[in-house]
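Visitor: I would like to learn how to read this model with you. Could we go through it one feature at a time?

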Amino acid sequence: MSRVLVTTTVNGESVEFLGGTRQSLLDALRDELRLTGSKEGCGTGDCGACSVIVDGRLVCSCLMLAPEAEGKRIETIEGMAVDGHMHPLQRQFLEHAALQCGFCTPGLLMAAKALLDKNPNPTETEIRYGLAGNLCRCTGYDKVIRAVIDAAAELRQAPDTKKAGAAR
Amino acid sequence: MSDGAAGGRTLKVVGQRPVRPDGADKVTGRAQFGADFHLPGMLTGRIKRSPHAHAKIVKIDTRAAAALPGVKAIVTGANFVLGEGEDIDHGEGATALLDVAINCMAREKALYAGHAVAAVAATSPEIADEAVRLIEVTYEVLPHVIEVEAAMAPDAPLLHANMFTKGVTPKPDKPSNIAQKIVMGRGDVPGAMAAADVVIEGRYETAAVHQGYIEPHACVASAGADGQATVWCSSQGQFLVRTLTAKILGMPLSDLKVIPAEIGGGFGGKTTVYLEPVALALSKQCGRPVKMVMSRDEVFHASGPTSGAVMEIKLGATSEGRITACDLTLKYQAGAFAGSPVNAACMAALACYDIENIALTGYDVVSNRPKVAAYRAPGAPIAAFAVESAVDDLARKLNMDPLDIRRLNGARDGVKAVYGATFRSVAFLETLEAVKNHPHYTAPLGPNQGRGVACGFWFNIGGESTGAVHIDEDGGATVVSSNPDIGGSRAAMAMMAAETLGLPIERVRATVADTTSIGFSGSTGGSRVTFATGMAVTQAAEKVVADLKRRAAQMWECEVDKVEWRDATAFCLDPSKDVKPLTIAQIAGRAARTGGPITAEVSLNAQGAGPGFAVHICDVEVDPETGRTTVTRYTAAQDVGRAIHPSYVEGQLQGGAAQGIGWALNEEYVYGPDGVLENPSFLDYRMPVASDLPMIDTILIEAAPNPRHPFGAKGVGEAPIVPPLAAVANAVRQAIGKRIYALPLSPPRVLEAIEQG
């Protein structure tokens, strides 16, 4: 497989790596940059475990080629906590016990962040549709939805914490 | 619900909802799951799989693959030499070692589409994929059989020439696909049926469904030049992986260390091996670490779903609604090897009810499907679909409330189950009562809506477990156990230890150890960890407390029975001593002078797990134009003994309900006429997503704490998947005015039923 030099921004840091022309962004994040927080559950864009935010848009990193990251701004789960401080979504997931095995959690958190970045006050239904691309087999989603509702409320009260997550 | 007292004690930690010890790593992407390990020089392993449902393997030519630059090792069935094998008991049933080995790598025949026939290890994923393509397998395609009743037919294609139905006397003289026939029961069923005022009959079908864990199977295996090896993998039991892998490869267990990764869901499906022996065989061949990760397609094709089934039920009852007899026949798919959960299904099917006359017949049937694996309360949800639907029909026929008829017949203390146990400390009736009093049960329904209730039972198990508690030099504690934490069990372990030691939860850390760092434990399964491993951890903490008291007594030069332990502090009750209390930190800091490190490890074989009973209410709305069913409201109640961490107990109820809803409405293995699975992806195998479900309300019944557990815990993970199939089906029955006897209740099937009128 031929490789190309990819220059991109991951969690606020400029990075360069050699990306395969057939390599997914997910594989590049995991295998080249060793950012293994993004998970592969299906490789076909059906489960959302690999969700990352690219230039403000939620994408399945398994469906994007690594060279397509050139010049983009990528946010992964590893950049969600800032300076050792968890994002309100991360804290609320823990407070609500919104994870059991935790495998889908990074993707759910990225999808929830992408939703709240656009819609700071979503209804329960909007949250359910916002997270409909992320399969969770453990929780039945109940506590996940509640965690997102509470994180949204917290972010509306103190919007600076939201910016902290996005600034990186 | 009750709170605060187990055996009269006031509890400070148990029953609270602290953040789990491994939580931060799991929300920040730091937790290491099966596919997250990298080793220097690591190769990528890939598997060549049969495209045929049933075929003789005539020849495997690996020469072209071996010649490809970058290919370092190739294995086929010829590399796995195993004799007759043996059964490996892992707590929740036994596994035939030979079957597991042949399932990992086919020998003479490929028994299902997706069966592994060869494997390679190469320096990159691309080279490994190309090498798999270059392996030439010559097959002689054989007739195949997929459906359970077709496989039972006398002229069905045979999977195993040496399979003679067990449980039939005299031993059959011809082989068959029926691995075993199970008969159990009591009383006089024909007589009771003849005397019954009402008889309800039905023939029910369910499809094979997958556990659907989001993390595919993954491992890294590394064999050393001295024969010693290490495997990192995601599984429900590192000791089980060690046993199976070492025995399949003919190694002493001491030559294999298995390090558990975080596990991304299992639900029973990770209680066996698929990749580990293959990866280790490849690593042994080339001396380099080999990583193998299944694709989702491989997970669907080649890892274990649970059985699809055909069931026939007949219920007899008095006109007052008392069930007097049940005749139930269960025909379960086992996949390509013996071992469906039909035995457990027979035992669990009627355990919710006190029925005098019972006849149960079970068939364990092989066909050209992947070998089934355990799936949450193995076998029970399927049987409950038939039983709870029939009970619903009985209530309707007698114009009785469906909860009242269940209360009238419900299991209670002193009732003897058909499998032999006499119930003690069960709270099934209280659970039914709580459901009846819940506002959900009497909420009004709209047009095209229906409400269903159903019950479920699971034994729960105990078994072999080890737990250790170490007091750190600063007075904190480390809890070590050997059960992979699949849904928050580290939190439960830490909480029980903290409660026993009197420490705040923040001072207790819980870890999961590898096979060389702690004594043996059975797998994480059967809802046994909080019960059995929790018992080991609690006993280890109690030993540590006894040791701490002894050390305090030594420091005070008083009798040990004059030392009281409270809030992680020793108090001297001897009035002749003018001493200040000693904190755990003070005692730990002086451990070298009082006997050395303060630590205890307890290994036990826990008995008396205490069964779980679940009662669910489901509301649905059926779109009469499309047949699409939407669950509009759901409530799950369960006899939990005592909830150690109520949030994670609720999570078990909610997750089990969601899986059961998927099973009821959409999930199924769909086969083409060629015997090949047609929907091996999350797009086509439709599991519930967030927008498919409502909030799932929970009711934790703590009316009957388990007397065998130090804090009263009963297993909670299995029972919640048992009722939903029937709860959904009963709701749809009410919504459309007609029963559908087969799952899933997918839109085309429901629409067809509506249109038939």
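Guide: Gladly, and let us begin with the core. The largest nonpolar core has 314 residues, and those with the most contacts inside it are B:Val120, B:Val278, B:Ala345, B:Ala348, B:Ala383, B:Ala497 and B:Val728. H16(B) gives the most to this core, with twelve residues. Please keep in mind that this is a predicted model, where local features need pLDDT of at least 70, side-chain atom pairs count only at pLDDT 80 or more, and totals for chains, interfaces and linings use all residues. Residues are numbered from 1 along each chain as its sequence is written, while chains are lettered from A and ligands numbered from 1 in the order in which they are written.

Visitor: What is a nonpolar core?

Guide: A nonpolar core is a set of buried Ala, Val, Leu, Ile, Met, Phe, Trp, Tyr and Cys residues joined through C-beta atoms within 7 Å. In soluble globular proteins, nonpolar side chains tend to be buried together.

Visitor: Which residues is B:Ala383 in contact with, leaving aside its neighbours within four places in sequence?

Guide: Contact means that C-beta atoms, placed from the backbone, lie within 7 Å. With those sequence neighbours left aside, B:Ala383 is in contact with B:Met311, B:Leu330, B:Ala345, B:Ala348 and B:Ala349.

Visitor: How many residues of chain B are in contact with chain A?

Guide: On chain B, 43 residues are in contact with 45 residues of chain A. H18(B) gives the most to the side of chain B that touches chain A, with eight residues. Helices here are DSSP runs (H or I, at least four residues), as are strands (E, at least two), numbered from the N terminus.

Visitor: Which domains does chain B have?

Guide: Bounds come from an automatic or database domain assignment. For chain B it gives domain 1 (5-31 + 463-606) and domain 2 (400-460 + 610-756). Their C-alpha centres lie 36 Å apart. Across the boundary, 18 residues of domain 1 of chain B are in contact with 21 residues of domain 2 of chain B. The largest share of the domain 1 side, five residues, comes from H16(B).

Visitor: Why does B:Thr583 count as partly exposed?

Guide: A residue is buried if 20 or more other C-beta atoms lie within 10 Å of its own, exposed if 12 or fewer, and partly exposed in between, with C-beta atoms placed from the backbone. B:Thr583 counts as partly exposed because it has 14 C-beta neighbours inside 10 Å. B:Thr583 lies in strand E28 (residues 582-583) of chain B. Leaving aside its neighbours within four places in sequence, B:Thr583 is in contact with B:Gly475, B:Ala568 and B:Thr569.

Conventions. Two residues are in contact if their C-beta atoms, placed from the backbone, lie within 7 Å.
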